Amino acid sequence: MGNGSGVSRGDRNRNARLARLRALVPVTNAIVGIDLADAKQMVVVTDHDSKVLARKTFRCRAWNLGAALDWAAERAAARGWAGVTVACEPTGHRWRVLGQLAADRAMPFVCVQPMLTSWARRTEDLTSDKTDEKDAVLIARLTAQLRCYVPEPIDETWGRLRHLGARREQLIIEMVSQVQQIRALLECVWPAALDAAKQPFRSRTWAAAMTVICQRDGGDLARTRRLGAARFEQAVRREITRRGGCKPSLRILRHLFTALADPTGVTAHRPGALERVAFLLQDWHTATDKLADTETRMTRVLDELKLTELATSIPGLSAVGAAAILAETGDPNRFASARALVKHAGLAPREKLSGTFVGRTKLTGQGRPALRLAAWRAVWGAQRSNAVYAARYQHLTTRETNKLTATQAQTVIAAAILRQLHAVITAGRAWNADIATYGNHHRRQVALAA
C-alpha cells in the first residue's frame, strides 16, 4: 500500500492504464469491431453492451477499408453516437493499414490480443465456434470492457529501427543455419577439419583456409596437400587479405594442413559434401557482410534518436545490443513502467498464491519472444563487463536460501537490463551503479576500501 491510502502502486498503474483506454473508448463513442482478412473484411458496429447496431461484409483489401470506416461512422451517427472507436486484432500487417486509415479520419484506434479473442470465443456459447461474424462482435465486446491496448504509435525513425532489427534477426538465423550445416557435413566426411581450431567458426583463419581448400581441390584433399605448407599458407594469406584481415594464425594453419592427410570420415561423399561446404561458406561470408552493414545502420538510427550515449552508459551493453532491444520495444516511453516492459518481454515472474498456499514462481513466458531473445543475448557481454551484474549473478547462484541455477540467474539479469534501459532512457540520465543497487554499491566500495 502507498501512503496509507489503501491503494497499491499496482492499483495506481492499473487505474492510469484504464484512464488512458477510456479516453480512446469513451462512453459517447460506438465501437467498430473489424475482423481483418485478405480480401474479406467483416465490420460490425456495436454499443458498449455489445448490442449490434449494424454489420456489413466488405469484399476489399485492407487499404480500401476507408469506405467501411465512413459507413460505420454514418451508422453510429444515425443512432446518436458522437463518434466511433475502431478495434481489431493485430494480425499480419493489415492492422497497421487500418490504424493509418483511422488516424486519417481522427478515429481512436485500439487493438485486442488474439489470445483474448480465443478465450472469449470459448466462453461465448461453449461451442468454440469461429466465424468472422462472431469474431468481429467479440473484438467489439472486449474493447467495450477495456480489454484492449494502445498500439505502438507510428514514427518514421522508430519504424526504421524495427525493420532493421527484423532484418538483423533474419540474417542471424541464416548464419546459424549455415554454420550448423557446415558442421554437420564436415562431421560426416572430414571431422579432423573441425578439430583444427578450438572455435572454428569464430576463426577468420579457419574460414579462409576452408575456402581455399574447398575451391581448389574438388574433394581431393591430396591435391591441396601437394601444394606444401608454404604455398598453402600464402594462398590463405591472400584469402584473408581479400576478406579485409591482416595475418593468419599459423597454429590453425598447421593443424588444418595436417588434417588434410586424415582419412577419417565417409570419403566417398567428400567431393559432394565439400562442394556444398564451399557454397555454404560463400553464403556465410555474404550474410556476415550483410549483418555488419545492418548493424551499422541500426547504430546510426540509434544516433539519430540521440540514445546511443544513454543506452551504452550501462557497462557491457553495446550499441548494437541496445539497438536490437529497442528495435523490439519501440520507444520505451510508451511503457508506463519498467515492469511493464519486462512483462512485454515475458520475463516477469508469475506468482501462485492462494491463502496459505505458496506455489512455485515461474516466468510468464508471454509477450514478445524476439524481445526476450534480444535481452538474453545482451546478458553475456553485460555479465562479464558489468561489476553490478556479475555480483548479482554470484549472489543469486551461491546464496544459501532459494539458490538459483545459472540460467535462472541470467534470466534475472536479462530482466534487470530491460528495467534499467527503460529507466535511463525515460529519465534521460546515464546509468549509475549506486542507483542500480539501491545504494549498496557505494557501501560495498567503502567497505572494501576500509
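Which residues of H15 are buried? Hold that for a moment. This is a predicted model, where local features need pLDDT of at least 70, side-chain atom pairs count only at pLDDT 80 or more, and totals for chains, interfaces and linings use all residues. Residues are numbered from 1 along each chain as its sequence is written, and side-chain values use heavy atoms, with hydrogens and water left out.

Now the helix. Helices (H or I, at least four residues) and strands (E, at least two) are DSSP runs, numbered from the N terminus. The buried residues of H15 are Leu371, Ala374, Ala375, Ala378, Val379, Ala382 and Gln383. Buried means under 20% relative accessible area, exposed over 50%, partly exposed in between, with a 1.4 Å probe and protein chains only. An α-helix has 3.6 residues a turn, so residues three or four places apart point the same way. The cover over the buried residues of H15 includes helix H13 (319-329), helix H14 (338-345), H16 and H17.

Next, geometry. H15 has 17 residues and spans 25 Å from its first C-alpha to its last. That is close to the 24 Å expected at 1.5 Å a residue; the expected span is 1.5 Å times one less than the number of residues. There is a bend of about 30° at valine 379. The bend is the angle between axes fitted to the seven residues ending there and the seven starting there.

Asparagine 386 sits in the loop between H15 (369-385) and H16 (387-398). Asparagine 386 is buried, at 1% relative accessible area. Its side chain reaches two backbone nitrogens: valine 388 at 2.9 Å and tyrosine 389 at 3.2 Å. Asparagine 386 also touches Ile314, Pro315 and Trp431, not counting residues up to four places away in sequence. Contact here means heavy atoms within 4.5 Å.

On to the cores. A nonpolar core is a set of buried Ala, Val, Leu, Ile, Met, Phe, Trp, Tyr and Cys residues joined through side-chain atoms within 4.5 Å. The largest has 49 residues. Leu161, Ile325, Tyr389, Leu418 and Leu421 have the most contacts inside it. Helix H17 (residues 406-427) gives the most to this core: ten residues. A second, separate core has 43 residues, among them Leu185 and Ala208.

Leucine 161 is in contact with Met298, Val301, Leu305, Ala323, Leu326 and Ala327, leaving aside neighbours within four places in sequence.

Two polar cases. Glutamate 152 is in the loop between helix H5 (132-144) and helix H6 (156-189). Glutamate 152 is buried, at 16%. Its side chain makes a polar contact of 2.5 Å with the side chain of arginine 162. A polar contact is a pair of N or O atoms within 3.5 Å; within protein, one must be able to donate a hydrogen and the other to accept it, and residues adjacent in sequence count only if both atoms are side-chain atoms.

Threonine 85 lies in strand S4 (residues 83-88). Threonine 85 is buried, at 0%. A polar atom of its side chain lies 2.7 Å from the backbone oxygen of leucine 24. A 3.3 Å polar contact joins the side chains of threonine 85 and asparagine 29. Threonine 85 and alanine 375 are 35 Å apart, C-alpha to C-alpha, and 290 residues apart in sequence.

Last, a hairpin. S2 (residues 41-46) and S3 (residues 52-58) pair in the antiparallel sense over six bridges. Strands pair if DSSP finds at least two bridges between them. Five residues separate S2 and S3, and serine 50 in the turn has a positive phi of about 65°.
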